[in-house]
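The tour moves from the whole chain to single residues.

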Amino acid sequence: MSDDKNSSEISPEEQALADEWAAAMEEAGDSSQDDIDAMLAGNNGSKPMPMEEFPKPARTSDDFFQGTDGPNLDVILDIPVTISMEVGDTEITIRNLLQLNQGSVVELDRLAGEPLDVKVNGTLIAHGEVVVVNEKFGIRLTDVISPSERIKKLR
């Protein structure tokens, strides 16, 4: 089969696209490429349109973190984040993963009693210990990473 298509082999999508191009070319009228280039260059007898200038923002992203009057947290306070507590992890083969069933025990890389990692959107922000509050699990933070260290990890 040849890569060349004749008019009987054009798909409906290709025909619709060709019709759109034909309509656009018809709208353009008798404009030549020179006329189009002159319009783009602003040489069509009128003054070129000035570039619109936007006011500078009062603060930049660097100001947000390093501003003299502190970060403006109001802009981000209502953004939802995911907080998770990590007991530990381990690596196992897919063979062992497929053999897991109810009652299986997976050994983790943490010692019993060692603090858990508290992560926000996957970034470590603190360490803590498990507590029970009103019959629900909770976590008591024992070591919180400083805000400046957290910001450094985000960059």
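What follows is a list of selections, with a note on what each one shows.

**Ground rules**

This is a predicted model; local features need pLDDT of at least 70, side-chain atom pairs count only at pLDDT 80 or more, and totals for chains, interfaces and linings use all residues. Residues are numbered from 1 along each chain as its sequence is written, and side-chain values use heavy atoms, with hydrogens and water left out.

**Stop 1: the whole chain, coloured by pLDDT**

pLDDT is the predictor's confidence in each residue, from 0 to 100. The chain averages 77, and 65% of its residues reach 70 or more. Select residues 1-7. Here pLDDT stays under 50, and the model has three contacts beyond four places in sequence for this stretch. A contact means heavy atoms within 4.5 Å.

Now switch to cartoon. The protein chain has five helices and four strands. Both are DSSP runs numbered from the N terminus: helices are H or I with at least four residues, strands are E with at least two. Their order from the N terminus is α-α-α-β-α-β-β-β-α. Which elements have the lowest and the highest mean pLDDT? Helix α3 (residues 61-66) has the lowest, at 52. Helix α4 (residues 94-98) has the highest, at 94.

**Stop 2: the surface**

The chain exposes about 14100 Å², and carbon and sulfur atoms supply 55% of that. Areas come from the Shrake-Rupley method with a 1.4 Å probe; for residues, only the protein chains shown count as cover. Of the 155 residues, 8% count as buried. Buried means under 20% relative accessible area, exposed over 50%, and partly exposed in between (1.4 Å probe, protein chains only).

**Stop 3: the sheet**

Hide the surface and select the strands. All four form an open sheet in the order β1-β2-β3-β4, with antiparallel pairing. β1 (83-86) and β4 (136-144) stand at the edges with a single partner strand each, so one side of each has no neighbour in the sheet. The twist averages 40° from one strand to the next. Axes are lines fitted to C-alpha atoms, for helices over the stretch in contact, and angles run from 0 to 180 degrees between N-to-C directions.

Walk across the pairs. Two strands pair if DSSP finds at least two bridges between them.

- β1 and β2 (residues 116-120): four bridges, antiparallel. Glutamate 86 has aspartate 117 as its bridge partner in β2.
- β2 and β3: five bridges, antiparallel. Aspartate 117 stands opposite histidine 127 in β3.
- β3 (residues 123-133) and β4: eight bridges, antiparallel. Valine 131 stands opposite glycine 138 in β4.

Zoom in on the turn of the β2-β3 hairpin. Two residues lie between the strands. Asparagine 121 in this turn has a positive phi of about 50°.

**Stop 4: two side chains**

Select phenylalanine 137, in strand β4. Is phenylalanine 137 buried or exposed? Phenylalanine 137 counts as exposed, at 72% relative accessibility. Beyond its neighbours within four places in sequence, phenylalanine 137 is in contact with Val130, Val131 and Val132.

Finish on arginine 150, in helix α5 (residues 147-154). At 26% relative accessibility, arginine 150 counts as partly exposed. Leaving aside neighbours within four places in sequence, arginine 150 is in contact with Ile125, Val144 and Ile145. Draw a C-alpha to C-alpha distance from arginine 150 to alanine 126: 9.7 Å in space, 24 residues apart in sequence.
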